[in-house]
Amino acid sequence: MNSFLSLLADEVLTLAGSNFHRYCIVLPSRRASLFLKKEFEKRIQRPVILPPIYSFEDFIYAHTPFEKPEPYEDLTILWKAVQKVTGLSGRSFDEMIDWGQVVINDFNEVDAYLIHPSTLFKYLENIRKYEIWGRNEGEVLSNFQRLYLEFYKSLEELYTIWSHEMQAAGLASPGGAARWLAQNIPSAHLDRKYEKIIFAGLNALTPAEERIISYFENNGKAILRYDADQYYLNDKLQEAGLFLRQRINLEKDKYIGNYLIDNQRNINITGVPGNVSQVRFLHQYLCECIEREGTAWLEKTAIVLADESLLIPLMQALPGKVGSINITMGLPLSYTPAGQLVQSFLSYTQEARPQGIHLSGLAELLMHPWIRSKLAHEKFYPEIQLTEWTSMGFVWMNFHDLDQKLLKDSSIKDWLRAPDDHMGYTPRQTLKMLQALITWQKDFLNNTIQEEFLFSLALLCDGVERQLGTLLDTLQLKTLGKLLQRLIANTKIPFSGEPLEGLQIMGMLETRALDFETVILLSASDDILPGSGRTPTFIPFDVRLEKSFGLPVFTHKNAITAYHFYRLLQRCNEAVIFYNNQAGDLGKTGEMSRFLQQIKHEFQAKNANTLFRINYPSLPLIIDKEESKEFRKTEEVIKSLDSLSQKGFSASALWTFIQCQYKFYLDYILGLRNRQTDPLESAPLIFGKVVHGTLNNFYENPPVILKPDIYDFSKINDLIDRAFQETVPGADIHAGHLRLIRNAAEKFVRRFLEAEKKSLEESQASIEIIALEKKYTHTLDLSKELHPSKTVFIQGIFDRLEIYNGTLRILDYKTGRVEPANLRLQDKNMHTFPNKPDWEKLFQLMVYKWLYFSSEQGSQDVEVGIIPLKASSYTVESASFEVTGDFVAFAENILKETVTELLNPDHTFIQTTQKKVCHFCPYRLICGRLD
């Protein structure tokens with residue numbers, strides 16, 4: 001079947017004859033222009049001068065005195081205009097960033113639709129007045145209402161000044177350029193320059209574009225050729241034909257066929273869970289097709305991304321046998337590693353304080369793949385030191401220590417340095433450091449695409465510095481961060497390469513006027529195709545629908561998307577369509593696009609030539625089988641176990657081994673339990689240490705007898721601050737998440753001490769604290785079980801050792817929930833203890849009781865229990881071991897069995913079969929225990 005562009009090429013050659021160069025061709029996109037040139041190349045065997053071939057936007061800009069602005073030029077010029085508008089002069093640059101792009105988009109539409117700005121903005125101002133005042137115009141307004149009305153009152157003046165500033169800079173928005181040409185087209189003398197102008201493949205035109213075309217039609221200079229199908233033109237309920245029905249005459253217009261009904265095609269729809277899963281199944285599909293048919297068919301194939309964020313995963317998933325690819329779409333910079341680098345860098349600088357830097361921000365920055373790769377090439381591994389600091393509870397590090405202990409011998413110092421200002425990083429220093437980081441990084445990248453990412457980022461930073469000028473010194477750092485993030489989101493990276501060879505990868509807009517035998521469409525979910533169709537605007541829906549304005553609403557945008565979708569299918573032989581069938585947040589229903597539902601229903605009734613197939617394949621497991629999750633004890637592992645046994649196995653280490661041997665291996669052999677670079681992950685550890693430290697400092701110099709008069713609550717704040725400095729030296733505990741931890745710790749400590757004092761007053765109990773944070777270590781005799789000379793230690797730290805009414809108690813503070821039922825062990829449960837996950841605290845208390853008796857040779861009647869700090873009243877939950885026989889023998893037998901299994905060189909570390917244990921495990925992703 002002939003493509004639309006091949007038909008167009010034949011007609012142009014027939015019409016033009018010897019005046020070929022006097023024709024001008026206007027198409028929807030630059031990509032279509034390149035493919036049309038390819039069609040001419042097939043037909044012309046001699047040297048010729050091709051006619052100018054433009055996209056419609058390029059055609060407009062080529063015949064106006066303006067250029068299209070960069071994103072940073074848009075906002076900075078709007079800021080110049082804001083400063084000259086009386087009603088907006090008090091607004092800050094930071095405020096303007098929040099609404100600036102929305103205003104620019106609205107101004108662009110005002111121009112594109114040839115609306116008189118005074119009429120629209122005055123109408124809009126009156127609507128807003130009526131909303132607030134209603135019928136009581138004399139009502140006193142709040143400051144917010146006054147500013148709200150002032151904003152809408154200022155829009156007309158802002159538009160006028162903005163338009164003047166743009167033109168003075170030689171710039172115009174697409175709508176502004178179209179308006180200028182529509183109003184000044186005779187002075188452009190295009191009717192003299194071209195014998196004929198062919199407008200081909202266009203769909204939804206703005207009034208400005210309509211006026212431009214009408215001028216040439218009226219002068220007999222225009223030829224219009226539409227790319228459409230009778231299927232959606234004849235049916236008024238088909239939104240895809242909304243704009244073209246008004247223009248197309250089916251009896252006269254060429255190229256309008258009934259392709260969707262008459263042609264044979266296969267449509268394969270596949271629903272898979274997750275976005276990236278679509279790419280995985282596409283990889284499988286391509287491999288199977290290449291194996292079966294070779295690669296020649298790829299020259300006539302296009303992969304179309306309804307969701308542009310899938311481009312990077314797609315590029316990584318394409319089989320090597322695909323060969324040449326051409327990426328038509330521009331990739332938003334925010335989706336690239338360069339965009340993520342800026343995000344990490346801004347987080348680092350914004351979290352910095354005069355006294356130092358937040359380690360989480362530094363860790364996130366240094367762990368960026370680009371930075372980490374270069375540092376690894378320099379044999380510098382900062383994560384080792386960062387892991388050590390954060391595992392110790394450090395959250396902040398002063399710049400002097402950071403420089404001496406981490407950055408001293410590293411090239412990081414080329415771009416990472418202390419703030420020049422005593423208040424922290426300034427916007428200018430931040431931008432200079434970011435530019436230095438780009439320079440530092442660029443020489444290391446050896447990937448052309450990554451270099452393109454970095455180059456686009458460098459251009460953006462240079463443009464921001466140049467456009468802002470002295471304004472940069474007046475901004476807050478968060479304002480610069482907000483600006484950069486907005487600009488990165490609006491910056492697209494063009495890809496260069498051989499545009500006419502190999503597999504084509506493009507977005508929906510780039511498919512206009514192009515035809516492919518095989519179309520592969522990704523992300524055909526209803527939340528993306530067509531999506532909501534709504535964009536931010538200050539012009540409300542009902543105003544847009546006013547006949548005198550006629551601005552587009554979401555139904556018009558949905559109709560445009562519908563046209564692109566149906567046009568993709570018009571001339572293809574096979575369509576392979578993937579969508580995400582997994583429901584999620586923010587309106588993601590997991591439903592296929594309603595366009596797919598529509599053709600599925602209608603084609604089966606009207607079109608016997610289209611074969612449908614819908615698949616819901618099962619995803620293969622990414623992980624290995626569970627039985628493979630084990631590690632044998634190598635010589636290195638045995639050495640690590642010997643070292644641990646000499647230091648002493650704690651109750652928590654043994655409990656980890658009992659619950660999941662594989663987790664013990666990851667935690668204690670590989671040392672992953674201390675690899676926390678995010679202080680939010682270590683927040684529970686910091687909280688526990690602060691609470692324990694505060695209580696220890698409160699009961700100074702034990703032994704101490706508890707009496708109501710020792711409870712001086714006025715010193716709690718100082719004690720908490722002291723405990724914080726002992727736990728996280730140099731940290732700012734009055735900001736961020738540390739402030740939340742501090743407040744929670746104060747609440748816990750104060751409530752507990754008040755409850756303890758009240759209990760003493762009411763019960764007249766005798767309590768003497770004889771030790772705090774008391775460490776006990778004792779040898780476990782395994783001479784019979786392992787080796788006569790094998791020495792193993794068990795160790796534990798008792799939070800509180802006290803005598804209560806003559807009874808010795810070993811107590812442990814717990815900030816979490818405590819269930820008394822889980823602290824009772826009866827004889828009938830002896831054979832299963834301690835394998836239940838709920839027995840963690842009871843196992844710990846058993847170890848403590850055994851340690852005390854074995855070390856002190858004291859009475860077995862010592863009481864062990866937990867003080868739940870979360871409880872509203874002073875409570876001690878005591879453990880009960882109702883077991884047959886001697887408790888010490890019972891406990892020692894459990895310890896021997898556990899440690900013997902742990903140290904036996906012939907036994908492997910095996911993943912647990914109790915999936916309940918896995919619910920909150922940090923290694924669930926590694927193990928695949930996600931159910």
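Analyst: First, some naming: helices (H or I, at least four residues) and strands (E, at least two) are DSSP runs, numbered from the N terminus. This is a predicted model, so local features need pLDDT of at least 70 and side-chain atom pairs count only at pLDDT 80 or more, while totals for chains, interfaces and linings use all residues. Residues are numbered from 1 along each chain as its sequence is written, and side-chain values use heavy atoms, with hydrogens and water left out.

Let's start with the sheet. Seven strands make up an open sheet with parallel pairing, in the order β7-β12-β6-β13-β14-β5-β15; two strands pair if DSSP finds at least two bridges between them. At the edges sit β7 (325-327) and β15 (610-615), each pairing on one side only. From one strand to the next, the twist averages 15°; axes are lines fitted to C-alpha atoms, for helices over the stretch in contact, and angles run from 0 to 180 degrees between N-to-C directions.

Within that order, β6 (residues 301-305) and β12 (residues 503-507) run parallel and are joined by four bridges.

Most residues other than glycine have a negative phi, and most peptide bonds are trans. Against that background, the bond from L529 to P530 is cis, with omega near 10°, and P530 is found in the loop between β13 and α23 (541-544). Another cis bond runs from P702 to P703, again with omega near 10°; P703 belongs to the loop between α29 (683-698) and β17 (704-705).

Now for phi. E773 isn't a glycine, yet its phi is positive at about 50°, and this residue lies in a strand, β18 (residues 767-781). With 34% relative accessibility, E773 counts as partly exposed (buried means under 20% relative accessible area, exposed over 50%, partly exposed in between, with a 1.4 Å probe and protein chains only). N805, also not a glycine, has a positive phi of about 50° too, but N805 lies in the loop between β19 (791-804) and β20 (807-814). N805 is likewise partly exposed, at 47% relative accessibility.
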